Amino acid sequence: MRRRRFGSVRARASLGATTVVAVALVAAGLAVLLPLRSNLTDQADRQADRAARQVALDIAARIQGRAGYADLELPEGEDHPVRVTDENGRLLAAGEGLERIGGTAVRAVRETAADDSNGDADGDDSDDDRDDDDGRGGSDDDPAVGEIGDTTAYSSGSATVDGDTADYRFATVEATDRAGRTVLVHAGASLADRQSAVRTTALSMLAGLPVLLLVVGGVTWLMTRRALGPVEGIRREMAAITASQDLSRRVPEPATHDEVARLARTTNETLGALEASVERQRRFVADASHELRSPIASLRTQLEVGEAHPALLDVPGAVADTVRLQRLAADLLLLARLDAGERPARPARFDLGALAHEEVSQRATDRVPVALDVRAGAEVAGSRGQLARVLGNLLDNAQRHAAGSVTASVRREGQAVVLAVADDGPGVPEAERERIFERFVRLDDARSRDDGGAGLGLAIARDVAERHGGTLTVGRAECGGALFELRLPPADGGPARSGPVVTDRRPEPGP
């Protein structure tokens, strides 16, 4: 059950939405914390720079005496620890309570008393003055006498004031007093405010993150459940249809205009098409059984009578019923193959006009003669046998309804080869022109089982035409009868060509 829930669309959607929101929140948190930390660091840099330059201004304005820098006014407390060193890292002055300072990129402070530092400074006055005169005092890179350096070096470190160690941001500034001695002023600004603000912001985000993710996951679960509710209804109804085999039922269609509604409509359309197909199959089986029953019953009756009274056996009638039964079985078999989607395995190219000549030549002795009009360039590709069956069915239908003449023609017309069969009979009413292509359909005023077929000929002809990429339609002929037109794609696929007219008004009898 757990695996099934985790594999559901709702679970995957909720997990995906929660993951995306979590990643987005983490990215947003970093986007907030990093600039906040940078801004607070810049603020600490400015504070440290201000403190360092205040001390540097005091140094630049004085002439070093015997007291050295012991009388400098340095900031007190933990906010801004300050120390002053020479360029060699020797301590000259330090803020009150400053025990240790690090992170200033100079040599560590020695634990030296103020008077010792002053004494060292006094003892080195002459040397420092000489060094300044000889080297540093004349360098273009060093600050001028009595001035402060333009650049400030920043670093992070820690300092211990009155036994308390904390993190600081240090600013280092060079200053030259009026005696020409260059010193380094190191002043720090506490990072406690920065650390507190960043920590508070991070904790607030971390505290709100689970709650927000829970809300996102819950809302996504509920919204997905609501959105997929109609899909579950469709599934249940389809399961009920499968169990009951009642194809007249339909799935519920939501009143929305989204993908689920379109799915429901498409499903109902599919069910409708399936119901119609099953109904056609049932009707086909019923009609086929009825059509087979008549010739079989007639043939059985004649055979039983002949068995009892051999002199009364109607051999021609039995043969006719057997032929009728054979044709009907062949028609049913061909329709079954066509319904299964059978297509010619190896389509052959042949001349449809020549095929028409062969078929018409076999009907020279029929009650209604067939006049043939054939034009050259009517090659098609497909099953010769199936297309001969189509032509035979069309001619049979025309001769059955014609009053005295039937005309067949083959020609190229644009991108199609057209076979037309026309008769001078009553024609087909416009309302019945599509119905006659249905299986086992016979018009009451035109056909009967005695002189007509089973109503499969035109249905077979249209199915074969469609399997060959063509069409079969019926209209009104110039003489008032029915006009059937079979349109097939040419074998070469090229434009229509004009050719000599071949007319056969009186076909010779075939062999």
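Predicted model: local features only at pLDDT ≥ 70, side-chain atom pairs only at ≥ 80, totals over all residues.
**Exercise 1.** Decide whether F437 is buried or exposed.

*Solution.* Start with the cut-offs: buried means under 20% relative accessible area, exposed over 50%, and partly exposed in between (1.4 Å probe, protein chains only). F437 has 7% relative accessibility, so F437 counts as buried.

Residues are numbered from 1 along each chain as its sequence is written, and side-chain values use heavy atoms, with hydrogens and water left out.

**Exercise 2.** Find how many aromatic pairs there are, and classify each one.

*Solution.* Step one is the rule: rings of Phe, Tyr and Trp (its six-membered ring) pair if their centres lie within 6.5 Å; planes under 30 degrees apart are stacked, over 60 edge-to-face, and the rest tilted. By this rule there are two aromatic pairs. Step two takes Y168 and F170: the ring centres are 6.0 Å apart and the planes at 40°, so this pair is tilted. Both Y168 and F170 are buried. Step three takes F437 and F484: with 6.3 Å centre to centre and 80° between the planes, they form an edge-to-face pair.

**Exercise 3.** Which charged end sits over the ring of F437?

*Solution.* Recall the test: NZ of Lys or CZ of Arg must be within 6 Å of the ring centre and within 35 degrees of the ring normal. The answer is R462, whose charged end sits over the F437 ring, 3.9 Å from its centre.
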